[in-house]
Amino acid sequence: MKKINFILIDDDYIFLRLGKMYLEKGDCTSTVTLYNDAKIALEAIGNQLEKLEDNTVIFLDLNMPVVNGFEFLDEIQKNPNAFSDKLSVYIMSSSVNFNDIERVKNYNIVKKFLNKPINKEIVDSICN
């Protein structure tokens, strides 16, 4: 089974902790990295994109202070290495705003829009 590095970006501490718990139980999990600030995550991930060795999955919240999920996507897509087949971005949001769901479709880097919280079924579907 392929191993995956998971990155969770969300300003909700409870979501980060619960997400980490589910991901660490997954059979395919290599590492789990948490960011509660999308700006810091963007700086860290941007530097890693050129040398991705393992599959990396980013779970990204849309509604965050400082840098929101859409701003994160705008910036990350400027890096040509963001379109590597080793990088996948999933939106994890509690928003049911139709405009947000439609807007996400404009980002080729996003694989899927998922509703919070992370659960075993989501982890299993990504692992398989």
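Here is a walk through this structure, from the overall fold down to a few single residues. Keep in mind that the model is predicted.

Let's start with the big picture. The protein chain has 5 helices and 5 strands, and from the N terminus on they run β-α-β-α-β-α-β-α-β-α. Taken along the principal axes, the C-alpha atoms fill a box of roughly 35 × 30 × 25 Å. For 128 residues, a compact globule would have a radius of gyration near 14 Å, and the chain's 13 Å agrees with that. Contacts tell you about the folding pattern too: among those with a separation of 6 or more, 73% link residues 24 or more positions apart.

Now step inside. Buried residues make up 45% of the 128 in the chain. The largest nonpolar core has 27 residues, and Ile9, Ile45, Ile58, Leu60, Phe72 and Ile109 have the most contacts inside it. At least two residues of this core come from each of strand E1 (4–9), helix H2 (38–48), E3, H3, E4 and E5. Take Leu60 as your guide here: leaving aside neighbours within four places in sequence, Leu60 touches Ile9, Gly69, Phe72 and Leu73, among others. Its contacts also include Val89, Tyr90, Ile91 and Met92. There's a second, separate core as well, with 18 residues, including Cys28, Met92, Val123 and Ile126.

Look for Tyr13, Ile14, Leu18, Met21 and Tyr22, which make a nonpolar surface patch of about 500 Å². Leu18 sits in helix H1 (residues 13–25). Its relative accessibility is 41%, so Leu18 counts as partly exposed, falling between the 20% and 50% cut-offs.

Finally, the loops hold some details worth a look. Most residues other than glycine have a negative phi, and most peptide bonds are trans. Val66 isn't a glycine, yet it has a positive phi of about 65°. You'll find Val66 in the loop between strand E3 (55–60) and helix H3 (69–76), and it is exposed because its relative accessible area is 63%, over the 50% cut-off. The peptide bond between Lys116 and Pro117 is cis, with omega about 0°; Pro117 belongs to the loop between strand E5 (110–115) and helix H5 (120–127).

One more stop is Ser94, in the loop between strand E4 (87–93) and helix H4 (98–104). Ser94 is exposed too, with a relative accessible area of 60%. From C-alpha to C-alpha, Ser94 and Asp27 are 26 Å apart in space, and they are 67 residues apart in sequence.

Conventions: Residues are numbered from 1 along each chain as its sequence is written. This is a predicted model: local features need pLDDT of at least 70, side-chain atom pairs count only at pLDDT 80 or more; totals for chains, interfaces and linings use all residues. Side-chain values use heavy atoms; hydrogens and water are left out. Helices (H or I, at least four residues) and strands (E, at least two) are DSSP runs, numbered from the N terminus. Buried means under 20% relative accessible area, exposed over 50%, partly exposed in between (1.4 Å probe, protein chains only). A nonpolar core is a set of buried Ala, Val, Leu, Ile, Met, Phe, Trp, Tyr and Cys residues joined through side-chain atoms within 4.5 Å. Contact means heavy atoms within 4.5 Å. Patches are made of residues with over 30% relative accessible area and no salt bridge: like charges are joined within 9 Å, nonpolar side chains (Val, Leu, Ile, Met, Phe, Trp, Tyr) within 5 Å. Accessible areas come from the Shrake-Rupley method with a 1.4 Å probe; for residues, only the protein chains shown count as cover. A salt bridge is a side-chain nitrogen of Lys or Arg within 4 Å of a carboxyl oxygen of Asp or Glu. The radius of gyration is taken over C-alpha atoms; the globule rule is 2.2 Å times the number of residues to the power 0.38.
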